[in-house]
Each structure stands twice: as C-alpha cells, then as structure tokens.
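Hi everyone, thanks for coming. Have the sequence and the model open while I talk, and follow along residue by residue.

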Amino acid sequence: MIDPFGRSVSYLRVSVTDRCDLRCVYCMAEDMSFLPKSDVLSLEELERLCTAFVRKGVRRIRLTGGEPLVRRNIMTLIANIGELVKAGAMDELTLTTNGTQLSKYAEGLASAGIRRINVSLDTLDADKFAAVTRWGKLDQVLEGIMAAKQAGLAIKINTVALKGVNDGEYDRLVEWCGRHGFDLCLIETMPMGEVHSDRMEQYLPLSQIRESLSRNWTLTDSDYRTGGPARYVQVAQTGRRVGFITPMTHNFCESCNRVRITCTGTLYMCLGQDDAVDLRAPLRGSEGDEALGRAIDDAIAKKPKGHDFVIERGGVPAVGRHMSVTGG
Ligand code: SAM
Ligand code: SF4
C-alpha cells in the first residue's frame, strides 16, 4: 500500500478496546463514557480486519487500546495473529500495555510469538503513580514488568513527560531501565481529547530533558529506528537506548508508515488529523473481503501529509478524540 506522498504503509496499530482499568490524567477524563458493545468489533471481526491488512502488505501489527489486556479473551486474538507471524505472512506482532495484567499474561504472550512489548510507566514513585493513573498500583505494574522480563520479552518503557509530576525522575528512570535491560522512550504530551486539566501546565519539551540528562549520562545520537517517530540516543553508561518522541517540537510525518484502526473499525490515517474511513460497514456488509479491500485502498489514497498539533490553542484539543480511541 503506497499513499499519495509515496510512503509505504506497512504498520497497523489496532485499538482492541476503548476501555481501561486506569484513568491516566493526560489520556482520559475520570468520568469517561465507553462505547456500547454492539459498536465494538468482535474478536473475530478484528482478526478478519487484521488479516485483510496483512494481505495488503502490512508486516507489523501493534495491539493497543484502551488497555488491550482487559479485553475479554484477548489471548485468542493474540494467538491467532501470532500464527500469521509464525507462518511468515507478517514480521511482528507487538503490544502496548499499562502492565497491570502482565503477571497473568506474560507467558502466554511469549508463547503466542510476541517478542517485545511497550509498557507505559510514568513514574517509579508509588504515590505519584496512583495520582497520575488516578487509582493504579505501582507494585502491580512492576510485578507485571518483571514477569514479562522473566518470560523473555524485550521491554520498552514509555514515559510521558509531565511537568510537576515526573520532571526530576528521568535520571532515575534511565538508571532503572539500564539496570533491568529495558529501553526507555520519553513522549511529549499531545493535545488529544478533553481531559479536564490544562495541558499547557503538563507540557514539557523533551529538548530540556535531553539537555539535563546529558549532564549525567553520555548520550550519543543513534541511527536506530523502529519505523516509528522516536529518535534514539545510546547511553554509554547503561548500554541501553533512550528514545524521544517529540510531536510538538519535531515533525516526524515524512517517514510515517502507519495507519490506526479503532475498536469500532474506524480507520484513522493520521494520529493528528480527523480524516477517517469506516471499515465496519464493509466488514459487516458481506462475508467476502472484496468491499473491505476496496475501502482500505480508498482510505490509503486519502492519507494526509501530516499532523498540525498546536498545544497553545487556549486549551482546545487539536483533535477531539482521546488517545485511547486510537491507542497512540
Ligand atoms: N493502555 C495502554 C498503555 O497505557 O500503554 C495502551 C494505550 S495508551 C493510549 C498508549 C500510549 O499513549 C501510552 O504510552 C500513553 O502514555 C500514551 N498517551 C496517552 N495519552 C497521551 C497524550 N495525550 N499525549 C501523549 N501520549 C499519550
Ligand atoms: Fe489507560 Fe493507557 Fe490511557 Fe493510561 S494511557 S488511561 S493506561 S489507555
């Protein structure tokens, strides 16, 4: 699949649920209303959709949410997509998770053929963790992360940079990740969805963090790429990488290789734009995948050139939907 700007689309992110067992302050409002079940694709429909994309040339799929591991019977979908990897039809299946259910599922993920996962963790301080997630338990997540390590999964920790919450903790996170053999990826907050807090107050440019890290760590620019927007440095002292995702200060759209699908089957061609195509109707409308295939082709032909996030719009989100709709 080649879009109008010559970019090859080979990466699909699938939000398997809009629900979550946490309510991170930058991601969701406390009183979120979730979708009725009938709007949400069944696991069989999600699998059909993923398979259709793989037939069109998608080589990597990342499951996300909401929290993917709170969806009932999610391991069935994971095992079935994992079979596509084992059969060589695609290169990789990965997962972004908040880690709360990892103690239970780490072994199963590894046997399904998942080799690496991203775990979101914004702080190593239990009180701050409870505050930023509104009710999460840090210990539960740390146990989950260690279970994943034990199961042999490579782990990348995703940390959203939040002024007044985790500024002051980045050295500790670099050290902790280094000690456990994890990569770390720092993310700027993006203005997505109403969360009833002022994002300008939370926003912290990563250039500042990089500068302060370089006082204590030897950072060397790395040309390592995962096909994603992160730019990496190598940390000499730990031998691990630290990535920076800076949508607000750096435009990463020129190399974008991805599209995102929500749990209702809406395809978003850009994280920062409202352009979307409904794939649920063609999916449910016929048993064959012809109409679905045509709808996918039409969507790729409309992939926008890039996003235009601006955080200073007087508190109005640049896009109205929450990150949990498309899963980041
Ligand atoms: N629940 C899973 C998790 O937390 O990893 C997967 C979904 S979550 C929406 C995916 C990623 O998006 C997380 O790393 C989260 O920190 C990040 N995220 C959510 N809202 C964001 C925002 N407004 N700006 C930047 N990152 C955000
Ligand atoms: Fe849930 Fe992930 Fe959003 Fe936090 S960032 S509320 S864990 S979906």
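**A walk around the model**

Let's start at ligand 2: around it sit Cys20, Leu22, Arg23, Cys24, Cys27, Met28, Gly66 and Asn98, where being around it means having a heavy atom within 4 Å. Sorted by class, that shell has five nonpolar, two polar and one charged residues. For the classes, Ala, Val, Leu, Ile, Met, Phe, Trp, Tyr, Cys and Pro count as nonpolar, Asp, Glu, Lys and Arg as charged, and the others, Gly among them, as polar.

Quick housekeeping: this is a predicted model, where local features need pLDDT of at least 70 and side-chain atom pairs pLDDT 80 or more, while totals for chains, interfaces and linings use all residues. Residues are numbered from 1 along each chain as written, chains are lettered from A and ligands numbered from 1 in the order written, and side-chain values use heavy atoms, leaving out hydrogens and water.

Now, the inside. In soluble globular proteins, nonpolar side chains tend to be buried together. A nonpolar core here is a set of buried Ala, Val, Leu, Ile, Met, Phe, Trp, Tyr and Cys residues joined through side-chain atoms within 4.5 Å. Buried means under 20% relative accessible area, exposed over 50%, and partly exposed in between, with a 1.4 Å probe and protein chains only.

Which residues touch the most other members of the largest core? Of its 75 residues, they are Phe53, Ile61, Ile78, Ile157 and Leu279. Helix H1, residues 43-55, gives the largest share, seven residues; helices are DSSP runs (H or I, at least four residues) numbered from the N terminus. There's also a second, separate core of 20 residues, including Cys20, Leu22, Val160 and Met192.

On to the rings. Two aromatic pairs turn up. Rings of Phe, Tyr and Trp (its six-membered ring) pair if their centres lie within 6.5 Å; planes under 30 degrees apart are stacked, over 60 edge-to-face, the rest tilted. Why is the pair of Trp176 and Phe182 edge-to-face? Because the planes are at 65 degrees, with the centres 5.5 Å apart. Trp176 is buried at 9% relative accessibility, and Phe182 is buried at 3%.

The other pair, Tyr224 and Tyr232, is edge-to-face too: 5.0 Å between centres, 75 degrees between planes. Tyr232 is buried at 2%, but Tyr224 is partly exposed at 27%.

Last stop: the charged end of Arg241 sits over the ring of Tyr224, 3.5 Å from its centre. That label needs CZ of Arg or NZ of Lys within 6 Å of the ring centre and within 35 degrees of the ring normal.

Methods
Helices (H or I, at least four residues) and strands (E, at least two) are DSSP runs, numbered from the N terminus.
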